Protein chains: 2
Amino acid sequence: MESLKRKRGRPPRADRSGYEDTRQRLIREGLAVLTERGYSYSGLDGILRRAQVPKGSFYYYFSNKEDFGRELIQAYGRYFEAKLEGYLDAGDRPPLARLEAFIEDAKAGMRRFEFRRGCLIGNLGQEMAALPESFRALLQQVFRDWEARTARCLAEAQASGEMAAGLDPEAMARLFWIGWEGAVLRAKLDQSTEPLDAFARDFLLRLRPQSLA
Amino acid sequence: MESLKRKRGRPPRADRSGYEDTRQRLIREGLAVLTERGYSYSGLDGILRRAQVPKGSFYYYFSNKEDFGRELIQAYGRYFEAKLEGYLDAGDRPPLARLEAFIEDAKAGMRRFEFRRGCLIGNLGQEMAALPESFRALLQQVFRDWEARTARCLAEAQASGEMAAGLDPEAMARLFWIGWEGAVLRAKLDQSTEPLDAFARDFLLRLRPQSLA
């Protein structure tokens, strides 16, 4: 009976945790720590302890902390691109409502972690002077991707008349991400979504054609 | 002859460096390091080496790193308040030109340090989850001061007709500092004043009454 139950249940942990499982666990815990504390101050030891991976194994997956950091930036980039795609490309609601839905999700995320975690890309951008130079191009690439996705959504809003015709979708997308990262920083400091709300309310309002009336 | 030269020149270092001199040197070097690398990653040892102050002496001036950090926030706050006062309260030019002059000064400052140094308050706000809790109220107080000074300048701009009547000076001052900190972060990442220019151009343009015409 006992052995039957075993076979029907999930296989024991050792069987499940192959190469990808351990690597994913390292990335998941690395993201959690870096999103909260940044790169410079995040020790590998703490991350390995959280992931329950011995130090020797770490070097099987990554050549050093810098290499791990680059993988974390790219993993966060992919995670966030999927999130933005889910919100901004969803055809089931008007373009600006999609941007609003993303903003609400981000606010909920910050609340869930009690404003300790912000945006990994913003943290590392702030920290750039102390980071390996190889991070710079990766971080810039992530911002370019977010801006491009946002610009496409704003161009749709403009085409449908939701956004004023005189505004440049690309310039406004760039301003969105500049202001949004500033608002995330302030939300962490104030432990409140109020800075995110203040920024987003103003940004969305000024996009509307009637705000020029 | 040799002794005569001595007397005419600056007194030897030991004579000049009294209590205030050493304390100021620690604060100056601490600000340089923290503005570049943040608090968590900045070791006391490196700061003491730069300031040429032995570790034993440090504890004569500050009880620990946290106490030192609080003093640095307040010193930076005072330095920046004087800067803002110099620009924003100067009656020799119209209010919005004063804000523009501050922006130009900040851009020059970032260029001078090759975009390695940003804003101490922004750095620490970003890092807040890893900082002593006692820093939070000090950082918030600095932002409140900056916002209040900026709001006064914008209210003057409104009174003189430079700024649209329908805008709220306090809300716009808050949005200025949210966006400005985001732009500083991006300027560090891009090693360029372009994000500061993009943000400031847009911010100033939308203040003008004619932008609603």
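A salt bridge is a side-chain nitrogen of Lys or Arg within 4 Å of a carboxyl oxygen of Asp or Glu. Welcome to a predicted model, in which local features need pLDDT of at least 70, side-chain atom pairs count only at pLDDT 80 or more, and totals for chains, interfaces and linings use all residues. Residues are numbered from 1 along each chain as its sequence is written, chains are lettered from A in the order in which they are written, and side-chain values use heavy atoms, without hydrogens and water.

**View 1. A salt bridge between the chains.** Here the side chains of A:R174 and B:D190 meet in a salt bridge (3.5 Å, N to O). Across the interface of chain A and chain B, the rule finds 8 salt bridges.

**View 2. The meeting surface.** Look for 40 residues of chain A in contact with 40 residues of chain B, where contact means heavy atoms within 4.5 Å. Together the chains bury about 3,600 Å², 56% of it on carbon and sulfur atoms; buried area is the accessible area (1.4 Å probe) that two parts lose on being put together, summed over both. In chain A, A:Q126, A:R186 and A:L189 lose the most area to chain B, together 21% of what that side buries.
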